[in-house]
Amino acid sequence: MGFKRKKSENEEGDEPKPAAVETEKKRKGILPSMIKNKDKRAAVHAKLKQEKKLEKRKKVKARDAAEKRALELGEEPPARGVPKTIENTREEDETVCRPDDEELFAGNDADEFSAVLKHGSNPKILITTCRFNSSRGPAFIEELLSVIPNSTYYKRGTYDLKKIIEYANKKEFTSLIVVHTNRREPDALLIIGLPSGPTAHFKLSKLVLRKDIKNHGNPTTHKPELVLNNFTTRLGHRIGRLIQSLFPQEPNFRGRRVVTFHNQRDFVFFRHHRYIFETKEVKQAEAKGKKTKDSKAATITEAKPIARLQILTGFPIIKTQECGPRFTLKLISLQHGTFDPRGGEFEWVHKPEMDTSRRRFFL
């Protein structure tokens with residue numbers, strides 16, 4: 001026969017039982033994804049979200065109060081914490097370039113780009129397409145010709161790429177750019193350094209032509225300034241020098257053109273801008289003997305480019321205007337020498353197993 005066990009004097013106290021404590025811990029540790037009922041799951045998720053929001057608000061208020069108290073006492077405010085991002089929590093890489101790396105600087109003097117980057121020869125670029133071109137490819141190439149100075153476009157026809165490389169070497173071109181298209185859309189860029197390589201294969205995506213950019217500007221024929229950001233590893237340094245060899249090393253600052261290659265998480269974002277110095281002058285036109293339609297003084301706002309003397313004396317407004325095109329590059333492979341898909345030696349090839357960590361970058 002079963003019977004209920006009587007509670008002892010120690011068990012009758014107000015202290016919670018160990019089993020009750022465990023159940024409370026379990027309830028606190030339950031995740032919304034573990035709840036099968038949709039309504040309950042949504043309610044728990046909303047409750048947790050609200051609690052996090054309130055907790056964050058309390059921390060912000062406490063931080064602001066501490067800063068205000070420190071300023072009143074004439075002390076330095078407490079240092080703010082640095083938020084964790086994928087960039088500042090990236091995995092350690094031995095190939096990251098350092099300012100005191102003598103081997104790196106010695107290699108720069110002897111690599112394939114030293115002749116162009118040391119002003120030994122001016123960059124001369126040949127641009128062509130794949131055999132099966134599309135309707136959007138020529139429009140993209142036309143804008144590339146306006147971005148890269150001293151560049152020439154030749155129709156591909158039925159010529160093999162190796163014969164085009166031989167022809168470009170005879171004509172003393174320093175680089176060859178091949179625009180590959182697929183389904184009427186440019187989807188890849190092949191940049192070949194001449195005469196001895198290397199060859200970089202990029203995936204091209206998110207292409208926006210100049211006509212599709214709102215309030216775009218029209219570029220001039222001045223030599224642009226080149227900005228390369230976040231190419232920090234040995235591989236990134238090499239890719240940066242390859243891109244740098246496409247542009248002249250003596251920009252014309254009067255044109256106020258800037259070409260930017262910004263590397264972020266191994267995606268290279270291309271932008272083309274013009275920066276403009278403006279001053280706003282407000283004038284009131286007094287109507288003397290002449291009446292306007294509204295019979296009021298007309299207020300005219302004019303924006304005029306200002307000279308260097310005005311920049312030094314006044315406070316100009318600096319604006320940027322995008323000229324286009326706009327696209328994103330992703331490095332697929334880097335090969336020694338000129339293009340040779342069968343017998344070529346590859347310096348670096350992207351493989352799917354390299355993408356196992358979000359905090360591992362190669363450029």
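Close-up 1. A search of the whole structure, which is a predicted model, finds 1 cavity of 30 Å³ or more. The volume of the largest cavity is about 130 Å³, and its lining is made up of 13 residues, of which Leu144, Ile148, Leu246, Phe261 and Phe327 lie nearest its centre. Two or more residues of this lining come from each of helix 5, strand 4 (185-193) and strand 11 (326-335).

Close-up 2. When the residues lining the largest cavity are sorted by type, 13 are nonpolar, while no polar and no charged residues are found among them.

**Close-up 3. Helix 5 and its buried residues.** Helix 5 spans residues 136-147, and its 12 residues reach 17 Å from the first C-alpha to the last, close to the 16 Å expected at 1.5 Å a residue. Buried within this helix are Gly137, Phe140, Ile141, Glu143, Leu144 and Val147. An α-helix has 3.6 residues a turn, so residues three or four places apart point the same way. Leu144, one of the buried residues of helix 5, is also among the residues that lie nearest the centre of the largest cavity.

Close-up 4. A search of the whole structure finds 0 disulfides. Cysteine 130 has a relative accessibility of 10% and therefore counts as buried, the cut-off for this class being under 20% relative accessible area. Cysteine 323 is likewise buried, with a relative accessible area of 0%.

Conventions: Residues numbered from 1 in each chain as written. Predicted model: local features only at pLDDT ≥ 70, side-chain atom pairs only at ≥ 80, totals over all residues. Heavy atoms only, no water. Helix = DSSP H or I, 4+ residues; strand = E, 2+ residues; numbered from the N terminus. Expected span 1.5 Å × (residues − 1). Buried < 20%, exposed > 50% of the residue type's maximum accessible area, 1.4 Å probe, protein only. 1 Å grid on protein atoms, 1.4 Å probe; cavity = no way out; pocket = protein on both sides within 12 Å on 5 of 7 lines; lining within 4 Å. Points joined across faces, edges and corners; volume = space filled by probe spheres on them. Nonpolar A, V, L, I, M, F, W, Y, C, P; charged D, E, K, R; others polar. Disulfide = S-S within 2.5 Å.
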